[in-house]
Amino acid sequence: MRHDRLAVLTALEAQGVAPVFYHPDADVCLEVIRACARGGVRVIEFTNRGDFAVDLFGDIARELQMTDPDVVLGIGSVIDAGTAALYLNRGARFVVSPCLVPEVARVCNRRMAAYFPGCGSVTEIGQAHELGCEIVKLFPGASVGGPDFVKAVLGPMPWTKIMPTGGVDPDEASIARWFGSGIVAAGMGSKLITDAAVKAGDWAAIETQVRKTVDAIAAFRGR
């Protein structure tokens with residue numbers, strides 16, 4: 001199944017949380033990704049870490065396309081166009097950066113793939129919009145102003161769709177604070193997919209935590 005840009009953006013907004021994850025073992029990655037999918041999250045960000053990460057990603061993406069075609073796997077921590085192209089050629093459905101990289105935006109646009117650039121200022125958000133980015137990643141979320149920054153941006157630029165990573169926790173208070181400020185989704189890493197659960201191979205615990213987070217976001221939105 002092909003996942004075009006609009007489908008990816010729609011699915012990400014609907015689930016509200018983007019798990020951010022990396023592990024050097026492909027089998028562990030597949031278990032974590034499938035646990036997230038069972039928990040109601042099928043758009044997942046794999047992190048570009050270390051040597052041969054692109055080969056690992058290719059193996060995982062190929063397997064998922066055969067066994068779990070509904071999973072939408074993207075790549076994070078991409079800071080140059082060449083790396084973006086390598087991952088797109090291995091099945092990445094979206095690309096995430098810690099910073100705004102115009103060359104990456106252009107590569108993604110050529111492939112009609114979603115690009116979520118890391119932005120820490122109103123100027124960078126405006127530049128991301130010029131480059132065709134539908135959702136901007138506020139990074140590092142808590143350090144650049146948190147929910148107050150989001151509210152301030154949405155005043156003069158209400159069309160902005162913001163997804164913070166860094167500082168958003170999978171609990172009701174944090175979800176209320178951030179989603180109350182107007183974000184459309186949040187990236188979550190080790191607090192959502194804990195090291196303890198991964199080390200123990202407790203995939204059911206990961207599924208439960210993901211489901212609780214998705215349900216908490218849906219409940220807040222429904223108020």
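**The open sheet in its chain**

Reply: With 223 residues, a compact globule would have a radius of gyration near 17 Å, and the protein chain agrees with this because its value is 16 Å; the radius is taken over C-alpha atoms, and the globule rule is 2.2 Å times the number of residues to the power 0.38. This is a predicted model, in which local features need pLDDT of at least 70 and side-chain atom pairs count only at pLDDT 80 or more, while totals for chains, interfaces and linings use all residues. Residues are numbered from 1 along each chain as its sequence is written, and side-chain values use heavy atoms, with hydrogens and water left out.

The protein chain holds 10 helices and nine strands, where helices (H or I, at least four residues) and strands (E, at least two) are DSSP runs numbered from the N terminus. Three of the strands make up an open sheet in the order S6-S7-S8, with parallel pairing. At its edges are strand S6 (118–119) and strand S8 (161–164), each of which pairs on one side only; two strands pair if DSSP finds at least two bridges between them. Strands of a sheet pair through backbone hydrogen bonds, either parallel or antiparallel. Strand S7 covers residues 135–138, and two bridges join S6 to this strand in a parallel run. Within that pairing, Cys119 has Leu138 of S7 as its bridge partner.
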